[in-house]
Amino acid sequence: TTSGNPLSVNAGNIVYIKNELRIPAGKVITITGLEIRFAPDAKLIIEAGTAALPGGRLTLNGTVLTVDTRCTTTSLWRGVEVWGNSTLVQGTNLNTTKQGRLIMTNNARIEHARIGALAGNLNTSTFDDNKAGGIIQASNSQFLNNQRDAYLRPYLSPTATESNRSSFTNVWFTTNALLKGGLTLQNHLQLN
């Protein structure tokens, strides 16, 4: 929160990330009312679970994830990767699922990213679909001026009886300015 920001003393509601912010398996983190600025090419990773631990879970409550423009004003950051395990079900109890989980609520916003939120993993230019199955749940939130807002990589529940648990409710997918670096919009929401 603004008053309890452990990442930067006396910085108020702004946090700067140089390379990577990682939510490990088994950890449940809620970030409320902060603005997190990522250096170009930085990313946020929410890990999938292990045999002993559930997937990491991050809730963005009225929080903004954006690019740090102090060094350059023409670059995008990489965005959020929500890792899963393509061989496991997402499950009915999302508090114990082995899949990583991103929750956006209360006007949370992801902006100026190559891929705002990816249910999967992107290694430089190649997708690792073994890490598909991550869960993205956004409500009353916004994706703004991203090259791709949200991208769900191929995932089919191993039981083939459950639906993908990702959801978007009352979410704005918006491009209202030229994208940084002269890039063009690829997709607001892409489902594979």
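User: In which loop is the place of G100?

Analyst: This is a predicted model. In it, G100 sits in the loop that joins strand 8 (79-82) to strand 9 (101-105).

User: Why is G100 called buried?

Analyst: The relative accessible area of G100 is 0%. Buried means under 20% relative accessible area, so G100 with its 0% is assigned to the buried class.

User: What is G100 in contact with, leaving aside its neighbours within four places in sequence?

Analyst: The contacts of G100 are I46, E47, A48, G55, G56, V82, W83, G84, G134 and I135.

User: What makes I115 count as buried, and in which strand does it lie?

Analyst: I115 belongs to strand 11 (residues 115-119). Its relative accessibility is 8%, and the limit for the buried class is under 20%; I115 is therefore buried.

User: Which residues does I115 touch, not counting those up to four places away in sequence, and how far is I115 from T169 in space?

Analyst: I115 touches R78, G79, V80, L122, F127, R148, D149 and Y151. T169 is 54 residues apart from I115 in sequence, and the C-alpha to C-alpha distance of this pair is 19 Å.

User: Which members of the largest nonpolar core touch the most other members?

Analyst: This core has 32 residues, and the members with the most such partners are F38, L44, L65, V80, L102 and I110. Strand 14 (residues 135-144) gives the core its largest share, three residues. As for V80, beyond residues up to four places away in sequence it touches L44, I46, L65, L102, I110, I115, G116, A117 and L118.

User: Why is L156 called exposed, and where is it found?

Analyst: L156 is in the loop between strand 15 (148-152) and strand 16 (167-174). Exposed means over 50% relative accessible area; L156 has 66%, so the label applies. In space L156 is 24 Å from T124, C-alpha to C-alpha, and the two are 32 residues apart in sequence.

User: What is the phi of T124, and is T124 buried or exposed?

Analyst: The phi of T124 is positive, about 55 degrees, although T124 is not a glycine. Most residues other than glycine have a negative phi. T124 lies in the loop between strand 12 (122-123) and strand 13 (126-127). Its relative accessibility is 74%, and the exposed class requires over 50%; T124 is therefore exposed.

User: Why is D41 called partly exposed, and what is its phi?

Analyst: The relative accessible area of D41 is 46%. Buried ends at 20% and exposed begins over 50%, with partly exposed in between, so 46% places D41 in the partly exposed class. The phi of D41 is near 75 degrees, a positive value in a residue other than glycine. D41 is found in the loop between strand 4 (35-38) and strand 5 (43-46).

User: How do you know that the protein is as compact as a globular protein of its length, and what is its secondary structure?

Analyst: The secondary structure comprises zero helices and 17 strands. The radius of gyration is 16 Å, close to the 16 Å that the globule rule gives for 192 residues, so the protein is as compact as a globular protein of that length. Along the principal axes, the C-alpha atoms fill a box of roughly 45 × 35 × 30 Å.

User: How much of the protein counts as buried, and what share of its contacts joins residues 24 or more positions apart?

Analyst: Of the 192 residues, 47% count as buried. Among contacts with a separation of 6 or more, residues 24 or more positions apart account for 77%.

How values were computed: Residues numbered from 1 in each chain as written. Predicted model: local features only at pLDDT ≥ 70, side-chain atom pairs only at ≥ 80, totals over all residues. Heavy atoms only, no water. Helix = DSSP H or I, 4+ residues; strand = E, 2+ residues; numbered from the N terminus. Rg over C-alpha atoms; globule rule 2.2 N^0.38 Å. Buried < 20%, exposed > 50% of the residue type's maximum accessible area, 1.4 Å probe, protein only. Contact = heavy atoms within 4.5 Å. Core = buried A, V, L, I, M, F, W, Y, C linked by side-chain atoms within 4.5 Å.
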